[in-house]
Each structure stands twice: as structure tokens, then as C-alpha cells.
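Work through the exercises below with the sequence and the 3D structure side by side, and try each task before reading its solution.

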Amino acid sequence: MAKKRLGMQTVQLEQPPVIIGAGSAAGPMEAEGPLGLDFDQTYPDLTIGQQSFEKAERQMMIDACNLALKKANLTQKPPQIDYFLAGDLLNQIITSSFSGLQLAVPFLGLYGACSTFCEGISIGSMLIDGGFADKVLCAASSHNAAAERQYRYPTEYGSQRRPYAQWTVTGAGALVLASSGQGPRVTHVTTGKVVDMGIKDPFDQGAAMAPAAVDTIVTHLKDTGRKVDYYDLIVTGDLARFGHEMAIRMAGQQNVVLDERYKDCGMLVFDPERQDVHSGGSGCGCSAIVTAGHLLKQMAQGKVKKLLLVATGALLSPTTFQQGDNIPAIAHAVALEA
Amino acid sequence: MMYLKAFIVGGLICLLAQMILDNTKLSPGHVLSGFTVAGGLLGGLGLYDRLISFAGAGATVPISSFGNALVKGALQEVNQHGMLGILTGMFQMTSAGITAAIVFAFLTAVTFNPKS
């Protein structure tokens, strides 16, 4: 077995890369949510002064990247970044590639649906620990109106949403990983397997993703020999209320008790009492802004010392859904220590 | 009295659609095309016109009325011009509705910006 590997799916980073800067840019509804004050930049409307929602998403990703670079003191143009790893939900990951065009640094595009942020952190950390890069910029984004139009129905169609449906987050998160510096460190990476539990409803993503999240969490604990209580916080990406409940139940069946230290970004980002989001938030931007805006700040303040971040992605496309395929899902975990 | 009948029949058609949406995995697209086909079938059997004369707009406003109009237009043309009428008649009675949908959609798209 390769010397940095632990168990089936985990990598232990020998010299854990450091998160030296993070930036979050969030839409109007996210700004009004419980974490509104944590986000570095918010916008009063969904168009962000652009002509289309797709262009608005692009602007958000660039803003988030610039904020992260600024906090990492990398203000030169083009920035001193060895790789830009980014992904989003739009076809051909256009948000990421057009942001890559503006940043003018080596770019690798990623697609892991809503698990993309952790996928970026995973690959970036391994690039750095492998000695292939000194600084890596990771980003992920989603835009409610752009994503809903592509995956489900455009807003104008006025389609009713089901009670278990989730609300795609409008937001972008970015962070800079470096081989040295001050900040939380990425100690372990657990890469998920694609899991299919036979879910077919494109609105029921929490149910599709919960098994993938549990699979990755259980595997991570087994590979590292850790228990749930090793972490101060275990956070999944966007299972939302129903998926969160399901994950607790499914983990329990495998004798892993997810207690109150288990949270979900999709539940943290919106207030279900005040905001009409049904089950909660979803989208690449969900785990990205909650991590970059909220969780990393909690770590900087010393409130959270050990964090297991598990971003979850529903790997559907309108084509596979229309052809009657199930919705497979994936979850990637990264362990962060202050 | 007609208002009441229109209110109740139209409401019942929508209730049926809502119950299908809430209790099955069918999408709004399925319900839309299902109701159009159902209206067409009822129209072909001559039942939908009886519903219209009973409930007025309660039966003409839902999408099922569109299915009825497709079939009725085709049948009328078939009576006058033979089997080719199936092709030419389908959109004859519905042309006003289709054109209005296209024109108003165009005007709306030109005038307004999308929001969430």
C-alpha cells in the first residue's frame, strides 16, 4: 500500500497543508439567514449587477476567490497560485472555467456535484503534500436560479416544490491551501465511492445523498481508527433536514452514533422558521460558503478544534433522470485541525 | 348559479391534479400532458362538451379543455375533408390559444427580467 494511505479510502497527509485564507460570497437569501453576518460579501439581489444568472454566479466565484487571495496576502496579478481547482453545477462547469480565465493561473476543473468543495480541498491537499504545489486555490459555487433552470424547472414555470425539496444556495466559497503558514490544517482526506440507493426523485436529494455521507463517515472512522467523539464537529454538505435525520438513522444501524456534534450545512445556512426553503439548503455553494464563511471562522476563534467536513453530491443530470436512471450520490470527507 | 358550478367543477379538476402531484412521483409535466390527453379522450366521446355546458369556465380554463379542443378541431375537419382533417384540424380550434401563449410569452420575456 502507498505509504500515505490508511485503510481503504483515506490518505493521511504527512505535512498537513494549511488553509491560509478563505473567502465567501453569498446571495440575498443566504445573507438574511442565520449565518448572514459571517459571509465576507453579500449581494442585495440575485443578478449581482450582471445580465444573466450564469454571469452572476461567475462574478460571485471571482469575488470569493479574490477575498480568499486577499486574506492569504496574495494580491499580485496574476496571483502566485500553482493550481486553481474549482467546480460548480452548471453544464461544462462554465462558472469555474470562466473564473479560471480571469485568474490566469493553471486550472483544473472539477465536477462532484455538491461534493465539489471537498473534492477540491482533497486534491489540493494531496498536490501540496506530494510536493507538486506550494499554494492551491480551491473554489465552488452555485446559483439558485441558474441551477434550478438547468436541473429542474425555471422559476417562471411556477412549479410547486415538495416539502422535502431543498433550496439551491446562491453563493461561492474559496480557500487558499499552502504548504506552510498559519491556520487550520488538512490532516486526512477520505475519498468517497459512488453510492446508489435507488432514489429517482430529483427533489429528494437528501435521501439520495445520506447513504453516501454515512458510507464515507463510517469508512473514515474505520480507516483512521477514530471515534465520533474525536471530532468537535462533523458537518455534512447539504443533506438538509430529512437527509440529516436519515443519516443519523443509517449511521446508527452501523453502530456509529452521530450525536449533537453532527450538523449539516444545508440546515445551518437557512432558518426554516423564517425562510421558505422546505428541507434546507443544497448546492455546491452550500458547503462552500458555510465552510469558508462560518466553520473556518469558528476554528479561528477556537470554538471548533477538530472538524470533519463531509460534502455530499447528488450525481444526477436531467438526461439520466429523464431516461429513468436512479440518482447516485457521493461524499468526500476532509479532516481539519486547528 | 353558473358561477358556483364553474367554481366547484374547476376546483375539483385542480384538486384532482394537486392530489396526483402530492401523492405520486409524477412531475408537473406528467400531470399537464395527462390532463390534456384525458380532456381529448373525454372530448372524443362527446363528454367534455357536456361538462362545459354544465360548468362553463370551470371546464374551459383547465388544460383538459385544450385536449378537448384538439380533438374537436380534428373531428370537425375530418367531417368536412376526410382523414387529412386529422392533421389540418388539430390546431384549428386551438390556434388562438397557442398563438396567444407564444405572443404573451414573448412580450413578457422582452419586458421583464427573471427573478427568483
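The model is predicted, and in it local features need pLDDT of at least 70, side-chain atom pairs count only at pLDDT 80 or more, and totals for chains, interfaces and linings use all residues. Residues are numbered from 1 along each chain as its sequence is written, while chains are lettered from A and ligands numbered from 1 in the order in which they are written.

**Exercise 1. The make-up of chain B**

Describe the secondary structure and the extent of chain B.

Solution. Start with the elements, where helices (H or I, at least four residues) and strands (E, at least two) are DSSP runs numbered from the N terminus. By this count chain B has seven helices and zero strands, and its pattern along the sequence reads α-α-α-α-α-α-α. Next, take the extent: the C-alpha trace of chain B spans about 50 × 35 × 35 Å along its principal axes. For burial, a residue is buried if 20 or more other C-beta atoms lie within 10 Å of its own, exposed if 12 or fewer, and partly exposed in between, with C-beta atoms placed from the backbone. Of the 116 residues in chain B, 21% are buried. Finally, two residues are in contact if their C-beta atoms, placed from the backbone, lie within 7 Å; among the contacts in chain B with a separation of 6 or more, 60% come from residues 24 or more positions apart.

**Exercise 2. Helix α2 of chain B**

Compare the span of α2(B) with the expected one, and find what its buried residues pack against.

Solution. The expected span of a helix is 1.5 Å times one less than its number of residues. Helix α2(B) covers residues 28-44, which is 17 residues, and reaches 24 Å from its first C-alpha to its last, close to the 24 Å expected. Its buried residues are Phe35(B), Gly39(B), Gly40(B), Leu42(B) and Gly43(B). As background, an α-helix has 3.6 residues a turn, so residues three or four places apart point the same way. The buried residues of α2(B) pack against α1 (2-23), α3 (47-55) and α5 (64-81) of chain B. Just after the helix, Gly46(B) has a positive phi of about 80 degrees.

**Exercise 3. Backbone features in the loops of chain A**

Locate the cis peptide bond from Lys77(A) to Pro78(A), and say why Asn73(A) and Ala104(A) count as exposed.

Solution. The peptide bond from Lys77(A) to Pro78(A) is cis, with omega near -10 degrees, and Pro78(A) is found in the loop between α2 (53-71) and β5 (83-88) of chain A. Asn73(A) lies in the loop between α2 and β5 of chain A and has a positive phi of about 60 degrees although it is not a glycine. Asn73(A) counts as exposed because it has 12 C-beta neighbours inside 10 Å. Ala104(A), likewise not a glycine, has a positive phi of about 55 degrees and sits in the loop between α3 (94-103) and β6 (107-110) of chain A. Ala104(A) is exposed because 12 other C-beta atoms lie within 10 Å.

**Exercise 4. Strand β7 of chain A**

Is β7(A) mostly covered or mostly open, and which strands pair with it?

Solution. Strand β7(A), residues 135-142, is mostly covered, since eight of its eight residues are buried. In a regular strand the side chains alternate between the two faces of the sheet. Here one side carries Lys135(A), Leu137(A), Ala139(A) and Ser141(A), the other carries Val136(A), Cys138(A), Ala140(A) and Ser142(A), and all of these are buried. Two strands pair if DSSP finds at least two bridges between them. The pairing of β5(A) with β7(A) is parallel, over six bridges, and Gly87(A) stands opposite Ala140(A) in β7(A). The pairing of β7(A) with β9(A), residues 171-178, is antiparallel, over eight bridges, and Ser142(A) has Gly171(A) in β9(A) as its bridge partner.
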